[in-house]
Amino acid sequence: MSDNKTLTFSIMDGPFEQARTVTVMRLLNVAARRGYNINIFAYEGAVSLPFARQSKHPNAVHGRDIEEEDHPLPKDWIASLIKSTAANGGQLDWINCGLCVDERGMQESIEGVRRGTPGDLWKWACESDNTLIIGTR
Amino acid sequence: MRALQIIESAYRCTIEEQDDPAVWITHAMKGAGADLGVVLRANAVNYAVKNQDASGLVFGSLEQSQPPRIDQDIAALMDKNIDVYVLEEDCTERGIPSADFISGIQFINREQLPEVMEQYDQIWHW
Amino acid sequence: MANYLLIESRDPYATHEVRHDFHLACNLAKAGNKTTLFLVQNGVIPTRKNAISSGLLHALDNGVEILCDEFSLRERGIPVDTIMPGINIAPIDTIIDHMVDGSKVLWL
């Protein structure tokens, strides 16, 4: 059940590099469960989080084939969060910074991701109940 | 809505981007009508130091023709009526003489930072 | 006066700036703001009772509420009964609660 709260997040980190990605996903999961409207402005390396060509791999060190390893992919987490937000009455809107996409060649994103500009972040911030910037280091 | 941009991360990808992403997005949002202030803390206090020069890099046969000019980017924020504050103690800790800073910067100490934060609706830490 | 939630994901042993983050929390509290420090990721490392962590103790002494992410503790094998008195365990939901309540929320 949605109570119409809207939260905006800006994130900067690409996948498989640091712990912030998982913490962000945990935060989004809470907001999704509550049916809040969620805005994500992906800046810099974060535009690669929903990159469509991420793929699973086996892991010989773990002694597991590709199915057993079941390697997490951020693009799948995002797709699942988009669905669960909608199922709970909210909407997850993801904007990739367009210039950041171009310089990284990350044009192929999963469905539900669109291009935008910092102006979109500011507009969202003005319209939202709150905004959290999660910078990189 | 007013947002205070506190910038900590510095010189992370400035050569590749030819600017700092937190400073750049401040300019971009200001262009979109944002009401912003800036605090430079930690190593980012060095962004307000005069005469930074990142020119001369060559990779193979490729010369970087547009090196970052962070001090000028900071000065340009103030030209757009954005208040730029620098944390005094972080400058002292790094041995940066006050004469080395571009003009127009407002120095505040740690005890004064909450007063500045109070003036803004949201605090965005980069 | 405002409500502040400062999210600390780094530890003071690896990152010098964290000590200044604790100092910021103290100054916000001393200025009359309701100030909460939420420790997550490696931010929970200095919470063990025997840790050398004067910054956290100083923050507690100055009226800063300190919360510790339950998952981050468990991920690092830090039992909840081994963390220093005065620090409380909290779910990650706490951050969302503060955002909804209109706190000024900073990821440090």
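So, where in chain A is A:Thr136 found? A:Thr136 sits in the segment after strand S5 (130–134) of chain A; strands here are DSSP E runs of at least two residues, helices are H or I runs of at least four, and both are numbered from the N terminus.

Quick housekeeping: this is a predicted model, where local features need pLDDT of at least 70 and side-chain atom pairs count only at pLDDT 80 or more, while totals for chains, interfaces and linings use all residues. Residues are numbered from 1 along each chain as its sequence is written, chains are lettered from A and ligands numbered from 1 in the order in which they are written, and side-chain values use heavy atoms, with hydrogens and water left out.

Back to our threonine. A:Thr136 counts as buried because its relative accessibility is 8%, and buried means under 20% relative accessible area, with exposed over 50% and partly exposed in between (1.4 Å probe, protein chains only). Leaving aside neighbours within four places in sequence, A:Thr136 is in contact with A:Met12, A:Asp13, A:Arg20, B:Ser9 and B:Arg12, contact being heavy atoms within 4.5 Å.

Now over to chain C. There's an open sheet of 5 strands there, ordered S4-S3-S2-S1-S5, with parallel pairing; two strands pair if DSSP finds at least two bridges between them. Strand S4 (87–90) and strand S5 (104–107) of chain C are at the edges with a single partner strand each, so one side of each has no neighbour in the sheet. Strand S1 (residues 3–8) of chain C pairs with S5(C) in the parallel sense over 4 bridges, and C:Ile7 stands opposite C:Trp107 in S5(C).
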